[in-house]
Amino acid sequence: MPRNLTASITLLAAASIPALGLLGCDHSKPESKSQSEHSSQFAINYQQFQLDNGLKVLFHIDRSDPVVAVSLTAHVGSAREKAGRTGFAHLFEHLLFLESENLGKGGLDAMSARIGGSGANGSTSRDVTNYYQTVPKDALEKMLWAEADKLGWFINTVTEPVLAKEKQVVKNEKRQSYDNRPYGHTQYVIDRNLYPEGHPYNWQVIGSLEDLQNATLGDVKAFFRRWYVPNNVTLVVAGDFDPEQARAWVYKYFDEVPAGEPIARAPRQPAVLKETVRRYFEDNFAREPALTLAWPAVERYHPDSYPLAVLLEYLSDGKRAPLYRVLVEDQQLTAGVSMGSYDSELAGQVQLQVHAFEGRDLDAVYAAIEQAFALFEQEGIAGEDLERIKAGQEIGFYNGLSSVLGKGFQLAQYPGVPGRCRLRE
């Protein structure tokens with residue numbers, strides 16, 4: 001087994017008796033040097049300022065197209081929830097597209113259609129919730145007004161009927177994407193066993209149906225007023241616009257939104273497994289037996305996260321990968337192997353999943369995985385493969401910055417990690 005992967009979770013799933021196994025061992029090592037000590041030649045120019053109420057604002061000028069991307073990132077995801085009150089962060093991703101006090105019926109979707117926008121969208125993770133869209137440059141003021149209205153006065157429109165309707169929408173999403181989907185509960189079983197009870201990553205981002213049903217209007221409003229405050233939000237504007245005029249609009253519309261209570265950054269909480277744990281899980285929707293292994297790993301932007309990404313790609317991706325050679329070509333146990341990292345702000349994890357051919361024994365799959373790891377220990381990685389993978393990941397990084405919205409996303413994330421901002425002024 002590669003030395004970088006000394007702890008793991010294993011999940012097995014099948015049509016009759018799928019199995020989940022959790023493997024782990026306690027390990028620790030000194031932190032490597034801070035990423036901030038390493039320089040990068042690539043830079044994106046941006047302006048940054050902060051309002052008195054704590055709102056962080058970043059501007060990036062890109063005049064390649066007459067459009068502007070506006071993104072509002074609230075530093076609240078499922079990790080800010082509490083056991084028994086899960087799913088609130090994701091619920092708000094739905095709620096905030098509805099009408100606000102001044103925006104009126106149809107909310108952001110209706111306004112986006114009127115002004116020729118790309119369509120308002122959002123996403124929720126363990127750590128943050130993003131709201132974003134791209135609009136013609138002459139619609140920037142309307143977007144800033146709408147985002148400020150959402151942050152300051154949206155919650156007044158959330159009533160019992162509104163909440164009840166949106167609960168049903170989220171519950172249907174959970175049924176379709178998790179409960180009634182093959183392997184839909186795999187991540188639930190993994191995280192419940194990888195992270196101890198009370199850890200903010202112990203539950204899923206979408207939450208539980210029971211918690212959603214039990215959420216009261218008072219609970220929901222308290223959650224919004226605690227986390228959806230200017231001092232917990234970053235606004236990014238990227239594209240073709242006048243920064244002085246945009247700054248004036250930001251002050252005009254956002255400055256009157258009051259700050260909330262101080263919010264401290266949550267400490268890192270890496271998962272630690274002191275012994276091997278095995279779990280077996282029956283999936284009534286699965287048609288192939290599946291084995292999943294997961295290892296505790298470093299959090300996002302940790303210096304070790306970058307070589308780890310190279311390692312994972314080499315082990316599993318392409319016909320030269322050890323896992324492919326052993327499991328697919330030599331032993332013909334599966335059509336492919338999936339391996340990657342699920343890295344978050346407070347902790348990270350590495351996961352390997354194999355959907356075996358029907359009738360294959362998952363013990364044989366696990367033995368083949370160990371054989372592939374031993375093969376890697378013996379052979380190492382060739383210099384040409386290392387350069388190939390690094391070049392591919394660099395291309396992927398640049399592709400993520402090919403649009404003004406992509407650059408806005410990156411700017412919203414990196415400044416939030418002290419000492420680890422790869423996109424420099």
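Trainee: What volume does the largest cavity have in this structure?
Mentor: The model is a predicted one, and the value is computed from its atoms. By the rule applied here, one cavity of 30 Å³ or more is counted. The volume of the largest cavity is about 30 Å³.

Trainee: Which helix gives the largest share of the lining of the largest cavity?
Mentor: The residues that line the largest cavity are Leu-96, Leu-98, Ser-100, Leu-103, Leu-108, Ala-146, Asp-149 and Lys-150. By class, this lining holds five nonpolar residues, one polar residue and two charged residues. The largest share, three residues, belongs to the helix that spans residues 140-153, which is helix 3.

Trainee: How are helix 3 and helix 8 oriented to each other, roughly parallel or roughly antiparallel?
Mentor: The axes of helix 3 and helix 8, the latter covering residues 243-254, come within 9 Å and cross at roughly 25°. Angles under 35 degrees count as roughly parallel. Because of that crossing angle, the orientation of helix 3 to helix 8 is roughly parallel.

Trainee: What is the handedness of the crossing of helix 3 and helix 8, and how many residues of their contact are nonpolar?
Mentor: The crossing of these two helices is right-handed. On the side of helix 3 the contact is made by Leu-140, Glu-141, Leu-144, Trp-145, Glu-147, Ala-148 and Leu-151, while helix 8 brings Ala-246, Trp-249, Val-250, Lys-252, Tyr-253 and Phe-254. Sorted by class, the contact has no polar residues and three charged ones, and the number of nonpolar residues is ten.

Trainee: How are helix 2 and helix 3 oriented, roughly parallel or roughly antiparallel?
Mentor: Helix 2, which covers residues 107-115, has an axis that comes within 12 Å of the axis of helix 3, and the two cross at roughly 175°. Angles over 145 degrees count as roughly antiparallel. The orientation of helix 2 and helix 3 is therefore roughly antiparallel.

Trainee: Which residues of helix 2 meet helix 3?
Mentor: The contact of helix 2 with helix 3 has six nonpolar, no polar and three charged residues. On the side of helix 3, the residues are Lys-142, Met-143, Trp-145, Ala-146, Glu-147 and Lys-150. Those they meet in helix 2 are Leu-108, Met-111 and Ile-115.

Trainee: Which residues of helix 10 make the contact with helix 9?
Mentor: Helix 9 (residues 305-316) and helix 10 (residues 322-330) pack at an angle of about 25°, with their axes 4 Å apart, and that angle makes helix 9 roughly parallel to helix 10. From helix 9 the contact takes Tyr-314, Leu-315 and Ser-316, and from helix 10 it takes Pro-322, Leu-323 and Tyr-324.

Note on methods. Residues numbered from 1 in each chain as written. Predicted model: local features only at pLDDT ≥ 70, side-chain atom pairs only at ≥ 80, totals over all residues. Heavy atoms only, no water. 1 Å grid on protein atoms, 1.4 Å probe; cavity = no way out; pocket = protein on both sides within 12 Å on 5 of 7 lines; lining within 4 Å. Points joined across faces, edges and corners; volume = space filled by probe spheres on them. Nonpolar A, V, L, I, M, F, W, Y, C, P; charged D, E, K, R; others polar. Axes fitted to C-alpha atoms, helices over the stretch in contact; angles between N-to-C directions. Parallel < 35°, antiparallel > 145°, perpendicular 65-115°, else oblique. Left-handed = near helix turned anticlockwise from the far one by under 90°. Contact = heavy atoms within 4.5 Å.
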